[in-house]
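The exercises below are meant to be worked through with the sequence and the structure in view. Try each task before reading the solution that follows.

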Amino acid sequence: MIRTPRGDFAIRVARVGAGNPNLSEDDRRAAWSAADFDLRARNPDALAAALRLHRELTDLPIGLRQEDPRDNLFVERLRHSLASAVRSGRIGFEPLEHLRVHAHRVEASMASVLRSARPAPAVRPPPPPREEEVPTPVHFELSLVDEFGTALSGAAADFLFRHSGAEEAKTADGSGTARLDKPEGSSFAFARLADEAAVEVLRAVLVPLWNQPRRVQDRRDEVIDEEANATSIVFFRSAPPPEPGTPPVPSPLLTREYQLVAGEPHRVSVQCHVELARLRGFYFDTAKCFLLPTAVPDLTTIIDVYERNRGAALLVVGHTDTSGEEAYNETLSLERADSLAAYLQDRVEDWMVWYGWDKPDAKRWGAHEDSLMLGSLVGRGLVAGPSPVLAYQQWHNALPDAERAKNFEVLAEDGAIGPETRAQLIGDYMRHDRTSLPPDVTLTTHGCGEYFPLDPTLEAIDQNPENPARDQTDRRVEVFFFDGALGVQPPPPDKISKRGSPEYPEWRARARQTVLAEQTGQTSVVVAWANDVVELTPDDLVLTMTSPGLAPAERTKSDARAADGFLRFDFPVEFLGVPTTLSATAEGRTVLLLVDRVLTSMNADPIWDANLTELVEHLPVA
C-alpha cells in the first residue's frame, strides 16, 4: 500500500490502460508522488520493487540493455517509464478502507507498494512465528530563517501540520523552529502558517530586521535564491486590500504549503517582496523636471506593476547625470521624483507652480512645455491649425464625459493660453489612458542626486563614473514597490540621499523582480502636418533639419508618407533630444519653422514658430 496525507492506496497493474475510475486526479497524483519520492531518494527496497513492477509491464522500455539500480541514468529512465504507465492507466491506485498498516520506513516506501503486486507462489509454507512489529516514530521539523539563512529568533508563529489525514497546530520556539513528533505514520507531512496572527508575528520580527541596510553594511551577498537542500523561499506579502463588495483576501503567506520529509529538517527563508519599475530614456530635458511625452507611454508599466501589488507602498526615486553642481543635482533629482508622482496622481496644481516667476529661469516651464503637451494630444484627436491654442480649446470643450480630466472646466475659446487654459491642458496631458494610480495609494518621493549613475550595461551602479558627463539615461526615475504593511525598507534617509548613503543600493539589491521600460525601437523623428495644409504648398517643398555636429537632413514631398489624414516626414533619430532647427523652402523662399527646438516626441506634431501656409502667402525669405 501507499500512505499519503490524502489517504491510503493500493497499487493495480493492467496490461491495457484501464484508468482510475474511482480515483480523483489529486488522489492519483498524491499516490504517485509518494511512490516516486522513494525512487528519487534511491531507496534500495523501492528500486528493487520498481524493477519487479517494470518486468510485469514487459513492453515498457527504459532505454537501457542492462538493469543497474546503481546507474543514475537508468533510475531516471525507470522513473519516467513508470510515470508513463501511471498516466496511461496501466499502473493505477485503489483507495483502501479499514486497513491498518504499520508505517515504518520500508512499508511507507514504494517498495511496500510494489511487493504487494508480486504474484504469490502456487504453494506457500506457513510463515514462521515472529515477534510483533513495533511502530517506528517519525518527526518533522521546520525552521524560519532570513534571506541569508540565519534563524529568525523570536518568530514564535503558529503552524498547522498535516500528517496522515489529520491536522495539528504547533508553535515555533524562540529560534523560529516548529516540530511535530508522531509515534507512527507516513514519512511525509505538510505545514503552513496557521492564520493572520502568525503573519503578524513574522511582521513584528522582520520590520526591525529589514529596516537596516544589511547587505551594504554587513557585506552580505550570499542570499538564498533557489529552493535547494531542503529550503523553500517565501516572499513576505501582506493581505491585499479587498475589492469593493468582496470578502477579505488572505495573505499569500497563508496559501503556501511546505512538504516535509520525516527526519529531514526543512528551512523556510522569508525574504522581502520588492519590485522595481525602472524608467530610463528621454524623460526629462536638461535642468528640468517636466515629464516629456516620450515618458508617458511607459508609465503604464508602473500601473501594471501596481495592479499585481495592490496595497503596496511606493517609493519614487529621481536621479540626474553628473553634469552640474552636486547640491543643484540633489534638488533637481527630488523635483523629478515629485513631478512623476504628481503626474501619476493627477495633481495639476503641483505642475502649475513650475510656471511661476519665482522659479529659476533654467527650471521654469513655459511655451516649450505647452507646445510639448499640445503636440502629445494630436494622438487623441486634436488637429493643430493656424492657432494651436484655439484648436486645443475647441477640442477640449468637445470632449465626451468619459474622456474628461478630473479638473475639467469649459474654456473660453479665445486662443490665449492663460492660467485657466494651462491648468486644463495639464489635466488633459495627465489624462492619458492607464497612467493614473488609485487616489489612496501610499507614495513617497526621494532624490538621489548624481550619486548613483548607471554603468555602461545600464544594469548596475557605476563605481567610477565620468564626471562631469551629460547622460540622458541617468536622468531617470525608478519606482519601488514594497509590501504595504512593512513600508519602505530601509526607510529613506530624509528626502535626499547623500554621497555614500547605503539605502538606495540596498533597495536595488532587495528588488528581486524588475520591470524595465525604456525607449526602444526608435528609428526616426517624425514631423507631420495635416494633408490639407501641405497640399497648399508648392510641389518643390523641401524640409531641412539641422543641429550642431550633425549632417543636415533634407526631405521632399515625395518622401512623405500618408497616414490618418497627415503627411509624415521621417528624419534620422540622431536629431531627437538635441537642439534642432527645421526650415522649409519652396519657390526660392525659405522660412524657419523651428529654431534650436529640442524634439522629444516620436509621433506627435511639434507646435511651429511659423506655418507652412504662410510660406506661400506673405513671409519673407529667411
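**Exercise 1: A helix crossing**

The crossing of α11 and α12 is left-handed. Work out where these two helices lie in this predicted model, at what angle their axes cross, and which residues meet.

Solution. Begin by locating the pair: helix α11 covers residues 388-397 and helix α12 covers residues 419-430. Next, consider the axes, which come within 11 Å and cross at roughly 65°. Then look at the residues in contact: Val389, Tyr392, Gln393, Trp395 and His396 on the α11 side meet Thr421, Gln424, Leu425 and Asp428 on the α12 side. Sorted by class, this contact is made of four nonpolar, four polar and one charged residues.

**Exercise 2: The surroundings of α12**

Determine how far α12 reaches from its first C-alpha to its last, how many of its residues are buried, and what covers them.

Solution. The span comes first: with twelve residues, α12 reaches 16 Å from its first C-alpha to its last, which is close to the 16 Å expected at 1.5 Å a residue. For burial, the cut-off is a relative accessible area under 20%, and by this criterion ten of the twelve residues of α12 are buried, leaving the helix mostly covered. Among these buried residues are Arg422, Ala423, Ile426, Gly427, Tyr429 and Met430, and Thr421, Gln424, Leu425 and Asp428, already met in the contact with α11, are buried too. As for the cover, it includes α8 (326-344), α9 (348-352), α10 (367-376) and α11. One of these covering helices, α10, is itself mostly covered, with eight of its ten residues buried, including Glu369, Asp370, Leu372 and Met373.

**Exercise 3: A four-stranded sheet**

Now follow the pairing around β11. Strand β4 (residues 138-145) runs parallel to β11 and is joined to it by four bridges, with Ser143 standing opposite Arg267. Strand β9 (residues 231-235) also runs parallel to β11, here with five bridges; Thr231 stands opposite Arg267, and Val234 has Val270 as its bridge partner. Finally, five of the six residues of β11 (residues 266-271) are buried, so this strand is largely enclosed by the rest of the structure.

**Exercise 4: One residue and the whole chain**

Decide whether Ala586 is buried or exposed, and then find what share of the chain counts as buried.

Solution. Ala586 is found in strand β22 (residues 579-586). Its relative accessible area is 4%, so Ala586 is buried. The C-alpha atom of Ala586 is separated by 6.2 Å from that of Pro538, although the two residues are 48 residues apart along the chain. Turning to the whole chain, 50% of its 622 residues count as buried, and the chain holds 15 helices and 23 strands. Of the contacts with a separation of 6 or more, 72% come from residues 24 or more positions apart.

Conventions. Residues are numbered from 1 along each chain as its sequence is written. This is a predicted model: local features need pLDDT of at least 70, side-chain atom pairs count only at pLDDT 80 or more; totals for chains, interfaces and linings use all residues. Side-chain values use heavy atoms; hydrogens and water are left out. Axes are lines fitted to C-alpha atoms, for helices over the stretch in contact, and angles run from 0 to 180 degrees between N-to-C directions. A crossing is left-handed if the near helix is turned anticlockwise from the far one by less than a right angle, and right-handed if clockwise. Contact means heavy atoms within 4.5 Å. Ala, Val, Leu, Ile, Met, Phe, Trp, Tyr, Cys and Pro count as nonpolar, Asp, Glu, Lys and Arg as charged, and the others, Gly among them, as polar. The expected span of a helix is 1.5 Å times one less than its number of residues. Buried means under 20% relative accessible area, exposed over 50%, partly exposed in between (1.4 Å probe, protein chains only). Two strands pair if DSSP finds at least two bridges between them.
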